[in-house]
Amino acid sequence: MMSLMDEFGLDETLSDEEMMTAAGVLKSLEEAWLNEKLSPEILPHKIEQVDCMMEQIHHMEENLKKLDKNDFRVGLHKLELDRIRYLITSYLRTRIDKIETFTLKILEDEHLREPSERYLSQGEIAFAKEYISNMNTHFKSLFAGMPESLQDLHTNQIMIKPNLESHLFVKARGSVQGVIVDDGENREEEVSLDENSQHILPYNAIAQFVKNGRVQLL
C-alpha cells in the first residue's frame, strides 16, 4: 500500500514519517497474519495494527474520490485496498476460528495472565465468553431428556487443546540462542539458530520466539 501511495502521491496529507510508520505497521500485520495462520495456538492479538490499517484504508478511500474515474491509478489502489481488507479479514477470522475451537483452554489461560499480557482483545474475550454461554445452554437443552449422568456433562469436560508439539517450518530473524528441543530419546538438547536460517522444529520449542518476533513461521 505504501509503495503505491509514495509513487502516485495519493495521500498527500501524510508526512514521510507517517507513511513509513504505516508501511511498518502493514508489514508487521502481514507477519502476524502468517504466524496466526500457521501457529497451532492463538497468539497475542495485534488489534492496534488492525485499527491503524483500518484508518489508513479510510484515508485512501477518501483520496480515491479525488481522482478521475478514468485515472489508471484508481484500479491499482482499489486492488491494494482489497488485498489489505482480505489480510485483515483473514487474520481476524483465523483468530475467531481458534477461539471457537479452543474456547475453554484459551479462557483458562487468559484467566492466569495479567491484563496487560492477555492474548485476546476485549472484543475477543467478550465473544469467547458469549460463545461458552451459548454452548452451555445448547448442551443443557440437548441433554434435557437424557439420563441424569449425561445431564451433568459440562463443556469443561470436553476441552479441546491445540497440538503444541506439531512441527513447523521456521525462519530465524536474527541469531536465536537457547532453543530447547527433544533429541528423540526423551532428552533435551539446546540449539542455536543462525540469522536467516530455516528449520523444521516442534512449535513448543520456538513458541516464545514466535511471540517475541525473533522467529517467523513459514
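## Ground rules

Buried means under 20% relative accessible area, exposed means over 50%, and partly exposed lies in between, with a 1.4 Å probe and protein chains only. By that scale Asn196, at 48% relative accessibility, counts as partly exposed; we will come back to this residue below.

This is a predicted model, in which local features need pLDDT of at least 70 and side-chain atom pairs count only at pLDDT 80 or more, while totals for chains, interfaces and linings use all residues. Residues are numbered from 1 along each chain as its sequence is written, and side-chain values use heavy atoms, with hydrogens and water left out.

## Overall layout

The protein has eight helices and five strands. Both are DSSP runs numbered from the N terminus: H or I of at least four residues for helices, E of at least two for strands. Along the sequence the pattern reads α-α-α-α-α-α-α-β-β-β-β-α-β.

Of the 218 residues, 39% count as buried. Contact here means heavy atoms within 4.5 Å. Among contacts between residues at least 6 apart in sequence, 71% join residues at least 24 apart.

## Two nonpolar cores

A nonpolar core is a set of buried Ala, Val, Leu, Ile, Met, Phe, Trp, Tyr and Cys residues joined through side-chain atoms within 4.5 Å. In soluble globular proteins, nonpolar side chains tend to be buried together. The largest core in this model has 17 residues, and Val176, Val179, Leu193, Ile206 and Val215 have the most contacts inside it. At least two residues each come from β1 (167-172), β2 (176-182), α8 (203-211) and β5 (215-217). Helix α8 gives the largest share, six residues.

Leaving aside neighbours within four places in sequence, Leu193 is in contact with Ala172, Gly174, Ser175, Val176, Val179, His199, Leu201 and Val215. There is also a second, separate core of 16 residues, with Leu29, Met60, Val74 and Leu87 among them.

## Where α5 meets α6

Helix α5 (residues 103-112) packs against helix α6 (residues 122-142) at an angle of about 130°, with the axes 10 Å apart. The axes are lines fitted to C-alpha atoms, for helices over the stretch in contact, and angles run from 0 to 180 degrees between N-to-C directions. The two helices are therefore oblique to each other, given that angles under 35 degrees count as roughly parallel, over 145 as roughly antiparallel, 65 to 115 as roughly perpendicular and the rest as oblique.

On the α5 side, Thr103, Leu104, Leu107 and Glu110 meet Ile125, Ala128, Lys129, Tyr131 and Ile132 of α6. These residues divide into six nonpolar, one polar and two charged (Ala, Val, Leu, Ile, Met, Phe, Trp, Tyr, Cys and Pro count as nonpolar, Asp, Glu, Lys and Arg as charged, and the others, Gly among them, as polar).

## Ile99 and Glu124

Ile99 is found in helix α4 (residues 72-101) and, at 0% relative accessibility, counts as buried. Not counting residues up to four places away in sequence, Ile99 touches Ile42, Ile106, Leu120, Glu124, Phe127 and Ala128.

Asn196 sits in the loop between β3 (188-193) and β4 (198-202). Its phi is near 70°, a positive value in a residue other than glycine. Most residues other than glycine have a negative phi, and most peptide bonds are trans.
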